[in-house]
Amino acid sequence: MTTTQYLDDAIAVAEKMLLEETHPAPSGPRHRDRSHLAACVKNVCRPEPTDKYQQLRAGQLIHLAKLLSALGMKTLSLSVADMTLRHMETVEADREVYAASVWNELGALLAEHGDMERARLVLCRALSRAERGSHVPERGRILANLGAVSLRRGDVGDAGFWADKALEEMDARPGDDPDARLTADWVRLEVARAGTGADRDLGRISDTLQKFDRSAEHSIALKGGDHPAAIAARRALATAKFEAAAAGHDVELSERQLSELEIVRLNASAFLGATHRETIVAQAALAVAEFEAASGGSGSLLRRQRAVALLEAAEEMAVEALGREHAQTLAIREALAHLRAATVQADDLPYRIDRTYTPQENDIRNTAKKKAIDAERNVIRLTAHAGASYFLADLDIFYWQIHRALERGTYFHVILSSPWNNLAIFMQHGADSEPVSHQNIVDRVRASTYYQETFLPVIESYLDLRDRFPDHIELKLTPTDISGSTLLTSEAGFFEPYITMNPLQRTRRGLSVFEHQFLKDSKYYEDSLAAFRTQWELTSTWEQFGMHEEKHKERLRALMTTQSDDRWCKSGEDVRGPAGGAGRRP
């Protein structure tokens, strides 16, 4: 069989299976069907670069991946999507082949799998392709999808921009795209709801809610109430209406919307199945709303506990159906941490680690920390040896995330080790240089690459940021060694231990040991936050450090003197025992 025949066969089998799942027979060899389909898909290879029907083949591969996803075969679906993307990139190495619509479908598929970064890149490629065509109908759809992906990545500002552009595009063209309009109106509603405190515009929320309501009703009328998009629309609508009622302290309306969310969850389970993504999301939305509604009054604690249990069940289903690293699973896990932290006493929290990153996962670790920094709207706290990754723009690691956080009003509090801390005595030097002593230790530190290329540039960057964002950033220095880097946001924490005592090997490098990530429902988070607050009170500001820097240097010299005395005493003990007697028998 040819590649095309294998592809046609796999699609036919998948479509037949999906039809049978929609209208199930009393019994059937389901496991055998899935094994047969998996075998068919394994024989599907990338089309030949010389194939005349490249656009058709890419469309078929995307269709197959969607069918596999609908059947719950997520890993196989993502494998086909990966293969399709690699093939399309190869074919377009020296010419444009695929229409904007093909790139858009692939981007939407990657987003469905929770791969938001690649989805964004593919959708941007689709938009670029649509820009070149005249009167491309997919342009509004692509812009709306970019808004949805940006929202799920936590880029609220970008999400609002893309959604506005999508609506402008659709309003300027004849005809309408109900799905794209629904997506764009949903994104605008979520962006409005994302505001907090003074940034929360109730009038804007009401306006976007009304527009989304109209789009949702129109979409539901076209697709029917059992369609996944219709169920998602009803869930989003009920959630937004609940929040609006809660903000207005309308208890009766809040309870009605909770009942609507319960109906949405039951419908999703009945029409789509208990493990469908929309069922899981509906259950999570209901749990969060129930938790928020259970404030005060008799039975509120029991109601909150039931809400937490409901969300825990949603998380378990998300891990099983979508995968632990899926964007939706991570969002549910974060919501669950928030609920647990609000109901469990700090001393009763478990020592829970959500993720451990190895040196081979350095880029994944960096991405997770960037997302945490980007999502923070209150305070970012950092304890580290040198802080180069956060202060030095030339390293291009976390500097720009910190810069954007300061721009939006987030506070950044930092504790770093003083260059004159006790660890300086372990600083290694060349074999041809004179031994380190109390007389030259300060000069050695000052001449080191750590001091010249890391400490001084970090301080210079801090002072520059403080000039631009006064009262939002503060750095303090501690005279003691910091044994590991800890980053804390309002929702999560990251801890990386240092394995080396040499200051030169603690900075300007990637992950060398491991790093733990934990959320706010972990005792690690509470312990780390308490430790930071204690250190914050005991450490010196930059100005205080400057006033007493000579004393810090003297302490380091005194430590070197003590170390030298200890070595001399140890040398003497080789001959005489510690009590003055014979060191060994004759």
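Q: Okay, which residue in S6 is the bridge partner of Leu 488?
A: That's Gly 493. This is a predicted model, where local features need pLDDT of at least 70 and side-chain atom pairs count only at pLDDT 80 or more, while totals for chains, interfaces and linings use all residues. Residues are numbered from 1 along each chain as its sequence is written, and side-chain values use heavy atoms, leaving out hydrogens and water.

Q: How do S5 and S6 pair, parallel or antiparallel?
A: Antiparallel, over five bridges, with S5 covering residues 484–488. Two strands count as paired if DSSP finds at least two bridges between them. Strands are DSSP runs (E, at least two residues) and helices are too (H or I, at least four), numbered from the N terminus.

Q: And what joins S5 to S6?
A: A hairpin, through three residues.

Q: Which residue in S7 does Phe 494 stand opposite?
A: Gln 517. S6 and S7 (residues 515–519) pair in the antiparallel sense over four bridges.

Q: New topic: which residues touch the most other members in the largest nonpolar core?
A: Leu 37, Val 41, Leu 64, Leu 68, Trp 103 and Leu 106, out of 54 residues. Such a core is a set of buried Ala, Val, Leu, Ile, Met, Phe, Trp, Tyr and Cys residues joined through side-chain atoms within 4.5 Å. Apart from it lies another core, of 44 residues, among them Val 445 and Leu 475.

Q: What does Leu 106 touch?
A: Leaving aside residues up to four places away in sequence, Leu 106 touches Ile 62, Ala 81, Leu 85, Met 88 and Val 122. Contact here means heavy atoms within 4.5 Å.

Q: Switching to loops, where is Asp 471?
A: In the loop between helix H20 (449–468) and strand S4 (473–478).

Q: Why does Asp 471 count as exposed?
A: Because its relative accessibility is 70%.

Technical notes
Buried < 20%, exposed > 50% of the residue type's maximum accessible area, 1.4 Å probe, protein only.
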